[in-house]
Amino acid sequence: MQIHLDQGPVEALECDALVVLTFDGKTNDRFKDALSDVYASGEVTGKMFELTLVHHPAGVKAKRLLVAGAGPRDKFTPAELRRMAGAALRHLKAKSMRSIAMLLDSGLTGAEHVSAAAEGALLGDYEPDRYKSDKKDVKTVDRFTVSVPGGGAGLDAALARGRAVAEAQNLTRELVTEPANKLTPTYLAESARQMAVAQGLECEVLDRDRMQQLGMGSLLGVAMGSAEPPALIVLRYRPAKSNGAAHLGLVGKGVTFDTGGISIKPADGMEKMKYDMAGGAAMIGAMRALAQLKPAIPVTAVIPAVENMPGSRAQRPGDIVTALSGKTIEVINTDAEGRLILADALTYARRLGCTHLVDAATLTGSIVVALGNINVGLFSNDDRMAERVLEASRLAGEKMWRMPLDDDYKEQLKSAFADLANVGGRPGGAITASLFLREFAEQTPWVHLDIAGTAWLDDAKPYMAKGPSGIGVRTFVNLAMNWRD
Ligand code: BES
Ligand code: ZN
Ligand code: ZN
């Protein structure tokens, strides 16, 4: 799908359908003649995601108008606009429209609105249908135009930014969609490398031998049960000149399949565990966008990629491993593998010079119980860092909720034989998982995002297909782009 900006008169725009917003209880005065009947009919109330198609509208070149309910005007942020653009695109695509335009006017003509509309359209357009052979019912949109009549300067750049971010998020979704028989740790590393070469990033992949030399016993323990070798993927972006001292580290869980290992998971729903690398994929996506948008600070992504399998060489409950940091860990439950690989990845990111860390991981079922499928669970050892990430997430329209991380819960991670146990029991499971990670972030300002509830949509949304959501990408891009020391 091509995406364009048009700053000419909207009446002259030729397209199959033109999307115009209508707010709750209001009429869109620009199209009084074309819409008088449909407004008079009472069909249009303006509530969010209400879509009304009008054929042969008077006074415009567009073949149809899609009157898109946008809810109350004062609640209509760029986040709502992003969703609305996606919902409108998906609705019209299903009706075989090939050229679609969306009008942004009266107060919605800023750079953030243009970016959001472009993002929403591209995210709405994405379908995880690569493995469907029968493509005869597949519809494609050729062109999406953001119409901002008489819009100001800088909107072309805003459109390009939106495109970069959405394409990056769709790369993340594509990677998460790949099944684990295809997307192994090696394949994920190769995908990251290809992206890095194409976008001009540095990429280094550490293999098992290198990790052994370094002493990454916690990560390697998880990899033992699988015939697939592990990989530690490092992607680096360096700005042409960096004046501040900050160096952002993005660490993402890359478990390409989580059977649970010897502490094996039940069969029901296990197929979904291919998405246990969504955190890692989000970091690869974010790095792709950052390579194009060029933030002022250096950013390094570290993605530990492993498959968690119950093979004959698999680690056992009761095994004790030594992490890269030197801490010993008693593996009580092999299904709590995410924290084991992240422990070494966090230590490694610190050794690479990262001064601030964010990790994203489909870490616990417990966060799904706590926050459902709406908010990402945010944990941090540093209020300022937590606020930075929350601010970036608000701009991105990715909901996050800060969770507690009191020392009092640490009791639960005590092991009789090692420095730490890898599980802390059922109560506060997402919190004890985060406390475990905090041991490896040490004094570095750090945010952990538990995306287990938000990285996968079990049902399609009006604005997005069922499957991987690509959560996190937009937040990480904003965080790096808007960094202030
Ligand atoms: N990958 C899972 C977490 C998960 C659960 C993600 C549901 C998405 C949906 C993780 O590795 C895991 O198995 N966690 C265990 C930890 C427990 C053994 C302490 C869990 O949450 O049940
Ligand atoms: Zn697990
Ligand atoms: Zn897992």
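The zinc ion (ligand 3) and the zinc ion (ligand 2) lie 3.2 Å apart in this predicted model. Aspartate 258 coordinates both. Donors here are N, O and S atoms within 2.8 Å of the metal (3.2 Å for Na, K and Ca); water is not among the atoms, so sites may look incomplete. The model is predicted, so local features need pLDDT of at least 70 and side-chain atom pairs pLDDT 80 or more, while totals for chains, interfaces and linings use all residues. Residues are numbered from 1 along each chain as its sequence is written, chains are lettered from A and ligands numbered from 1 in the order written, and side-chain values use heavy atoms, without hydrogens and water.

The zinc ion (ligand 3) is held by Lys253 (NZ), Asp258 (OD), Asp276 (OD) and Glu337 (OE), at 2.0 to 2.4 Å. In sequence, these residues follow the spacing K-x4-D-x17-D-x60-E. The six donor atoms subtend angles of 78 to 173°, which makes the arrangement octahedral. Ideal angles for six octahedral donors are 90 or 180 degrees.

The protein donors of the zinc ion (ligand 2) are Asp258 (OD), Asp335 (O), Asp335 (OD) and Glu337 (OE), 2.0 to 2.2 Å away. Their residues are spaced D-x76-D-x1-E. Here the six donor atoms subtend angles of 71 to 168°, which makes the arrangement irregular.

Ligand 1 is surrounded by 16 residues (a heavy atom within 4 Å). The closest are Lys265, Asp276, Asp335, Glu337 and Gly365. By class, the shell has five nonpolar, four polar and seven charged residues (Asp, Glu, Lys and Arg count as charged; Gly is among the polar ones).

Polar contacts are pairs of N or O atoms within 3.5 Å. A polar side-chain atom of aspartate 258 lies 2.9 Å from an oxygen atom of ligand 1. For the side chain of glutamate 337, the distance from an N or O atom to a ligand 1 oxygen is 2.8 Å. A polar backbone atom of threonine 362 lies 3.3 Å from a nitrogen atom of ligand 1.

Terms used. A polar contact is a pair of N or O atoms within 3.5 Å; within protein, one must be able to donate a hydrogen and the other to accept it, and residues adjacent in sequence count only if both atoms are side-chain atoms. Four donors count as tetrahedral if all angles lie between 85 and 135 degrees; four count as square planar and six as octahedral if opposite donors are over 155 degrees apart and all others between 65 and 115; anything else is irregular.
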